[in-house]
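Me: I am new to this structure and would like a short tour. Could we take it topic by topic?

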Amino acid sequence: MPTMVIQGIGFLGVISFILSYQVKSNKALYLYQLIGSLLFCLQFFLLGAGSGALSLFLNIIRSALLMKYKEWKWVRWKGLPLLLCLAFAGIMVYTWSGTVSVLAFFGLCREYGFLLDEQCKMDQNEQFVLRFARLAAV
């Protein structure tokens with residue numbers, strides 16, 4: 001596949017993430033981020049970056065679970081972030097590329113635990129602040 005097409009897929013992922021910060025509904029936010037992660041996952045896979053593709057696959061699962069946080073009681077189980085971290089630990093070991101892999105592991109485990117436990121309890125104003133901070137980090 002031509003590199004420009006692959007980069008175009010990544011650009012669509014960026015657009016999806018930018019749009020995710022424009023919506024007011026949490027469900028819509030998670031849907032846009034799920035789509036963005038899916039597009040980046042596809043892009044990384046096509047570029048041969050298996051570690052990135054697998055990590056993004058976990059983000060897709062996390063976003064899908066967050067979309068159903070209030071409907072599915074089992075998604076609120078306190079052990080779920082640990083399971084996601086263990087899955088990412090397996091990815092880290094499988095795709096080890098030096099100590100920088102550990103940084104990504106700790107960052108994502110922190111993110112998984114925070115998002116699955118705290119963000120779903122935040123009010124609309126607190127979520128706006130969190131979204132703005134993440135957008136600034138991008």
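**Overview and helices**

Reply: Of the 138 residues of the protein chain, 40% count as buried, where buried means under 20% relative accessible area, exposed over 50% and partly exposed in between (1.4 Å probe, protein chains only). This is a predicted model, in which local features need pLDDT of at least 70 and side-chain atom pairs count only at pLDDT 80 or more, while totals for chains, interfaces and linings use all residues. Residues are numbered from 1 along each chain as its sequence is written, and side-chain values use heavy atoms, with hydrogens and water left out.

Me: How many helices and strands does the protein chain have?
Reply: The protein chain has six helices and zero strands. Helices (H or I, at least four residues) and strands (E, at least two) are DSSP runs, numbered from the N terminus.

Me: At what angle do the axes of α1 and α2 cross?
Reply: The axes of helix α1 (residues 3–20) and helix α2 (residues 26–47) cross at roughly 160° and come within 8 Å. Axes are lines fitted to C-alpha atoms, for helices over the stretch in contact, and angles run from 0 to 180 degrees between N-to-C directions. The two helices are therefore roughly antiparallel to each other, a term for angles over 145 degrees.

Me: Which residues make that contact?
Reply: On α1 they include I6, I9, L12 and F17, and on α2 they include L29, Y32, I35 and F40. Contact means heavy atoms within 4.5 Å. By class, the contact has 14 nonpolar, nine polar and no charged residues. Here Ala, Val, Leu, Ile, Met, Phe, Trp, Tyr, Cys and Pro count as nonpolar, Asp, Glu, Lys and Arg as charged, and the others, Gly among them, as polar.

Me: New topic: which residues form the largest nonpolar core?
Reply: That core has nine residues: L58, L84, C85, F88, A89, I91, M92, F105 and C109. A nonpolar core is a set of buried Ala, Val, Leu, Ile, Met, Phe, Trp, Tyr and Cys residues joined through side-chain atoms within 4.5 Å.

Me: Which helix gives the most to this core?
Reply: Helix α4 does, with six residues. Apart from this core lies another, of six residues, among them L34, F40, C41 and A53.

Me: And P81, buried or exposed?
Reply: P81 is buried, with a relative accessible area of 13%, and its place is in helix α4. P81 and C109 are 28 residues apart in sequence and 7.5 Å apart in space, C-alpha to C-alpha.

Me: What about T3, buried or exposed?
Reply: T3, in helix α1, is exposed, with a relative accessible area of 51%.

Key:
Angles under 35 degrees count as roughly parallel, over 145 as roughly antiparallel, 65 to 115 as roughly perpendicular and the rest as oblique.
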